[in-house]
Amino acid sequence: MATGTMAAWQVVEPGPVSSHPLQRVSVPTPRPGPDELLVAVLACGVCRTDLHVAEGDLAVHRAHVIPGHEVVGEVVAVGSDTGGGFAPGDRVGVAWLRHTCGQCGYCLRGRENLCPFSRYTGWDADGGYAELTTVPAAFALRLPTGYSDIELAPLLCAGIIGYRALLRTDLPAGGRLGIYGFGGSAHLTAQVALARGARVHVMTRGERARELALELGAASVQGSADMPPEPLDAAILFAPVGELVLPAMAALDRGGVLAIAGIHLTDIPSLNYQRHLFQEREIRSVTANTRADARDFLAFAGEHRMAVSTHEYGLDRANQALADLSAGRMAGAAVLRV
């Protein structure tokens, strides 16, 4: 069992990323509970949700929380009541969803992502911007082979949430999908859709992001609020910009669905019923994910070698990684190597 202290980043006082809301500290090494694993962090993805936690867009759930919920790590120790599924030396993933009650109506209907008692890594409990972290064994994830630690990290939230967002669109086979914003999650979701025969149109502001979209096989790229060259059967909004809901809804064909993938979104302007909602167009939110979503997506990643665009930072550069993410200075996903 590891003892002593470790290096970590805490959100000491949420605020603009320019104020460097993360503070590097030395904290006691965590100890796993009876049902938990202690995990040595190898890599941790930098997610836009971490930015929302750091800047205060999401309410504080745990004071001085250590962010990070795209953790690739190695089991160091196991609690006394983990059921024997994991052993020291195993490589595991630690993702956003950390706890559900298992007893409410949502959990019993297979919709544990809506559990009122759910808890989350890097928000309710300390996450992976650290040398070690813990995870309930029931929520630890087996990882596909054939990927580096850095490549695996974005799969654990960007990939999983994008996968659920795609499911929420009910995209028909061979359908036309619009993607608004093209960062860590979108570039993975596009590959799932393309592998399933979709025609993908990308609307994004960044030149490098547009280049990446074309490299991955997008049928077209254009500006964030531009109309795609054909009506869409479905769309996913990854950018946390409420104003983009209007052009996305206007781009939908009859019966089309827009899924909003983020946990945070700026206010949506007034919709015009005829232009944006009539003819059975729908808006659907995406709330976390189920463990089944995670397993299904990671199985897909194991069967289909995905191109994971990453930008690597040392653990000591976590504030810089958040600033670069906020400013849109990268295409793909930022990852901290620990």
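## Helix H3 across the sheet

Helix H3 (residues 149-168) lies across strands S9 (176-180), S12, S13 and S14. Helix H3 runs at about 155° to S13. Such angles run from 0 to 180 degrees between N-to-C directions, with axes as lines fitted to C-alpha atoms, for helices over the stretch in contact. Contact means heavy atoms within 4.5 Å. Helices (H or I, at least four residues) and strands (E, at least two) are DSSP runs, numbered from the N terminus.

This is a predicted model: local features need pLDDT of at least 70, side-chain atom pairs count only at pLDDT 80 or more, and totals for chains, interfaces and linings use all residues. Residues are numbered from 1 along each chain as its sequence is written, and side-chain values use heavy atoms, leaving out hydrogens and water.

Buried means under 20%, exposed over 50%, and partly exposed in between (1.4 Å probe, protein chains only).

Which residues does Ala165 touch, leaving aside its neighbours within four places in sequence? Ala165 is in contact with Ile236, Ala259, Ala261 and Val286. The C-alpha atoms of Ala165 and Thr287 are separated by 9.1 Å. Along the chain, these two residues are 122 residues apart.

## The six-strand sheet

The open sheet has six strands in the order S11-S10-S9-S12-S13-S14, with parallel pairing. Its edge strands are S11 (220-222) and S14, each pairing on one side only. Neighbouring strands are turned by 20° against each other on average, direction ignored.

Strands of a sheet pair through backbone hydrogen bonds, either parallel or antiparallel. Here, two strands pair if DSSP finds at least two bridges between them. Five bridges join S12 (residues 232-237) to S13 (residues 252-260), and these strands run parallel. Ala235 stands opposite Leu258 in S13.

## A nonpolar surface patch

Ile283 is found in S14 (residues 282-285). Ile283 is partly exposed, because its relative accessible area is 34%. With Ile268 and Leu271, Ile283 forms a nonpolar patch on the surface. Together they have about 210 Å² of accessible area, computed by the Shrake-Rupley method with a 1.4 Å probe; for residues, only the protein chains shown count as cover.

Like charges are joined within 9 Å, nonpolar side chains (Val, Leu, Ile, Met, Phe, Trp, Tyr) within 5 Å.

How values were computed
Patch = residues over 30% accessible without salt bridge, like charges linked within 9 Å, V, L, I, M, F, W, Y side chains within 5 Å. Salt bridge = Lys/Arg side-chain N within 4 Å of Asp/Glu carboxyl O.
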